[in-house]
Amino acid sequence: MSVSSLEAFLARIYVDPKSRERFLSNPEAEALSAGLSEDEIEAVKQIDRVGLELFAASLEQKRQRRHSK
């Protein structure tokens, strides 16, 4: 998988609540279905879950502020 594909996967779990929920419930399966390599799967399985949720919430707040202007 290319770096841009990994970045697209990460972006998706940051901005899409359903993707994030699937990832958090089964990181390996979600990463496999996205076509990540074994090394990439191992890396994303180690993701800071609290940090992921905080960053996702921050992005959502920014999106809402931008759309309310």
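A residue is called buried here when its relative accessible area is under 20%, exposed when that area is over 50%, and partly exposed in between, with a 1.4 Å probe and protein chains only. On this basis, buried residues account for 23% of the 69 residues in the protein. The structure is a predicted model, in which local features need a pLDDT of at least 70 and side-chain atom pairs count only at pLDDT 80 or more, whereas totals for chains, interfaces and linings use all residues. Residues are numbered from 1 along each chain as its sequence is written, and side-chain values use heavy atoms, with hydrogens and water left out.

The protein contains five helices and zero strands, where helices (H or I, at least four residues) and strands (E, at least two) are DSSP runs numbered from the N terminus. Read from the N terminus on, the order of elements is therefore α-α-α-α-α. Along the principal axes, the C-alpha atoms fill a box of roughly 45 × 25 × 15 Å. When contact is taken to mean heavy atoms within 4.5 Å, 59% of the contacts between residues at least 6 apart in sequence join residues that are at least 24 apart.

Two helix pairs were examined through their axes, which are lines fitted to C-alpha atoms, for helices over the stretch in contact, with angles that run from 0 to 180 degrees between N-to-C directions. The axes of H1 and H5 come within 8 Å and cross at roughly 75 degrees, which makes H1 roughly perpendicular to H5; in this scheme angles under 35 degrees count as roughly parallel, over 145 as roughly antiparallel, 65 to 115 as roughly perpendicular and the rest as oblique. At this contact, Ile-13, Tyr-14 and Val-15 in H1 meet Leu-52, Phe-55, Ala-56 and Leu-59 in H5. The residues of the contact of H1 with H5 comprise seven nonpolar, no polar and no charged, where Ala, Val, Leu, Ile, Met, Phe, Trp, Tyr, Cys and Pro count as nonpolar, Asp, Glu, Lys and Arg as charged, and the others, Gly among them, as polar.

H2 and H5 pack at an angle of about 175 degrees with their axes 12 Å apart, and H2 and H5 are therefore roughly antiparallel to each other. Arg-20, Phe-23 and Leu-24 of H2 make this contact with Arg-49, Leu-52, Glu-53 and Ala-56 of H5, and by class the contact of H2 with H5 has four nonpolar, no polar and three charged residues.

A pair of aromatic rings is described by the distance of the centres and the angle of the planes. Rings of Phe, Tyr and Trp (its six-membered ring) pair if their centres lie within 6.5 Å, and planes under 30 degrees apart count as stacked, over 60 as edge-to-face and the rest as tilted. A search of the whole structure finds two aromatic pairs. Phe-9 and Phe-23 form an edge-to-face pair, at 5.9 Å centre to centre and with 75 degrees between the planes. This pair links distant parts of the chain, since Phe-9 belongs to helix H1 (residues 3–15) and Phe-23 to helix H2 (residues 17–25), 14 residues apart. Both Phe-9 and Phe-23 are buried. The rings of Tyr-14 and Phe-55 have centres 4.8 Å apart and planes at 80 degrees, so this pair is edge-to-face. Because Tyr-14 lies in helix H1 and Phe-55 in helix H5 (residues 49–68), the pair ties together parts that are 41 residues apart in sequence. Tyr-14 is partly exposed, with a relative accessible area of 23%, and Phe-55, at 40% relative accessibility, also counts as partly exposed.

Arg-20 lies in helix H2 and, at 12% relative accessibility, counts as buried. The side chain of Arg-20 reaches the backbone oxygen of Ile-13 at 2.9 Å. Ser-19, in helix H2, is buried with a relative accessible area of 1%, and, leaving out residues up to four places away in sequence, Ser-19 touches Arg-12, Ile-13 and Glu-30. Glu-30 is found in helix H3 (residues 27–33) and is buried at 11% relative accessibility. The C-alpha atoms of Glu-30 and Ser-19, eleven residues apart along the chain, are separated by 8.2 Å.

Notes
Polar contact = N/O pair within 3.5 Å; in protein donor to acceptor, adjacent residues only side chain to side chain.
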